[in-house]
Amino acid sequence: MNYVIFRNRDFLLYVIGQVLSELGNGLYLIAITWLLSEVTGSKGIAVGGALSIYAIGDIISGFFSGPIADNLDKKRLLMIVDSLRASIILFLYVLYVRRSLNTLSISVILLFLSLVTPFFSAGEFTLFPLIVEREDLLQANGFITGIRKFIGVISPAVGAVIISAFGYSACFLLDVFSFLFSVTTIILIKYRSNEKSQLQNIMKIQRIYQTIGDGFKFIKNSPLLFRFSFFTLLINLVTAPFELFLLLFLSRDNFGVNAYGLILSSISFGVLFFGFLTGIIPKRYSSLQLLLYGLILMGISTIFLGIFKALPLIIIVSFFIGFGNALTNIPLSTFLQQTIPNDKLGIVSSFIYTMASLGAPVSLSLGGFLSDKIAPQILIIATGFLVLFLVIFGFIFLKTENS
């Protein structure tokens, strides 16, 4: 398998920084989610409410992250965001050590994290076409996803061990150091820039609002992108509560944090496995076709996850959920990068991702409410069937045979 991106110095520098950053994120993720279930007593409405607040912040920043990523120096943006995230997690660490954490304080911290994180995603998304050749974008997206999920395979299990041995605070502190390491490696990256007056443009608030309008007009004038945006909204509306249902299912049935870590690792391993196969994907399949095939696998696997009761079977089917997730999301990023001009890539893509997230706060809150009335396993099965129904709709609505 010939990965030409291995010869790209700047891409490799970025990967090195993200390896440790992703490890810290994995430790933080399992710590904060399991801690949230403990603090709330596994009440669906409380957990769903906290997660919906995160989704709201993600939507708010989504409208601005694209224009800022298009107009601000990519390195500067990524460095600022990771420095802010390190500060927020450090504050979380201090609150936990002082025994001041509750549902409200966790929700506020999640809100601040959600407000800054989209800027990193937008910065990375617009950075790749500047440091990676166009024909290598699929490999680059696949590899960075694969390496992150390789760390994701390790980090939940490691996080569970650290929580058992040293407590949640150790996971939070390690995440702080991982963000600082990411900042260090980003400083060393060099890239070609075809943008003018980047720092001047970002100071013009009027320009930011104008670029948001430009992004909407671009999507409106592209029938395929317009339909694609609506379809991603429907998919996200259905799938947003899945992690909530999974967390409540495991905590209420007393599987424990170790089982939770193993399942998250299995999902990540599925994403990892697909990520390293991107170099051999047949060219005859379009990105949209691959996306829909991934949703089929996710839907079927999700149904079986809700049906199975034995932990080994749940772990196995979780692998296929992760594989289907990668088969959906990697072609999605590649489709947008190949379809949208570089100078509009940030705003148009962030507009699409933000539209897709609009239903998340509602579906998470509703999912939390329903999970207090209906067994989470039943809701997981229903999610799988709804995904399969949307796939049928997608094959017709997106007209992939002409894409």
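Author: A residue counts as buried when its relative accessible area is under 20%, as exposed when that area is over 50%, and as partly exposed in between. R252 has a relative accessible area of 30%, so R252 is partly exposed. This is a predicted model, and the part to look at is helix α10, which covers residues 242-252.

Nine of the eleven residues of α10 are buried, so this helix is largely enclosed by the rest of the structure. The buried residues of α10 are F242, L244, F245, L246, L247, L248, F249, L250 and S251. Just after α10, N254 takes a positive phi of about 60°.

R252 also takes part in a pairing. Side chains of opposite charge can pair when their charged atoms come close. The side chains of R252 and D372 form a salt bridge, with 2.9 Å from N to O. This pair links distant parts of the chain: R252 lies in helix α10, while D372 lies in the loop between α15 (360-371) and α16 (376-397), 120 residues away. D372 has a relative accessibility of 37%, so D372 counts as partly exposed.

The count of salt bridges comes to two. The other pair to describe joins the side chains of R85 and D82, at 2.6 Å from N to O. R85 and D82 are three residues apart in helix α3 (residues 74-97), which means that about one helical turn separates them. Both R85 and D82 are buried, whereas R252 is partly exposed at 30%.

Now to the wider setting. The protein has 16 helices and zero strands. Of its 403 residues, 56% count as buried. Among contacts with a separation of 6 or more, 88% are between residues 24 or more positions apart.

On the α9 side, L224, F228, F231 and I235 make the contact, and they meet L288, L291, L292 and L295 of α12. The residues of this contact divide into eight nonpolar, no polar and no charged.

Two single residues show how separate stretches of the chain come together. L35 is placed in helix α1 (residues 9-40). With a relative accessibility of 5%, L35 counts as buried. Apart from its neighbours within four places in sequence, L35 is in contact with Y96, L101, Y168 and F172. The C-alpha atoms of L35 and I106 are separated by 9.5 Å, although these residues are 71 residues apart along the chain.

T145 is placed in helix α5 (residues 137-166). Its relative accessibility is 21%, so T145 counts as partly exposed. Leaving aside neighbours within four places in sequence, T145 is in contact with V271 and I330.

Methods: Residues are numbered from 1 along each chain as its sequence is written. This is a predicted model: local features need pLDDT of at least 70, side-chain atom pairs count only at pLDDT 80 or more; totals for chains, interfaces and linings use all residues. Side-chain values use heavy atoms; hydrogens and water are left out. Helices (H or I, at least four residues) and strands (E, at least two) are DSSP runs, numbered from the N terminus. Buried means under 20% relative accessible area, exposed over 50%, partly exposed in between (1.4 Å probe, protein chains only). Contact means heavy atoms within 4.5 Å. Ala, Val, Leu, Ile, Met, Phe, Trp, Tyr, Cys and Pro count as nonpolar, Asp, Glu, Lys and Arg as charged, and the others, Gly among them, as polar. A salt bridge is a side-chain nitrogen of Lys or Arg within 4 Å of a carboxyl oxygen of Asp or Glu.
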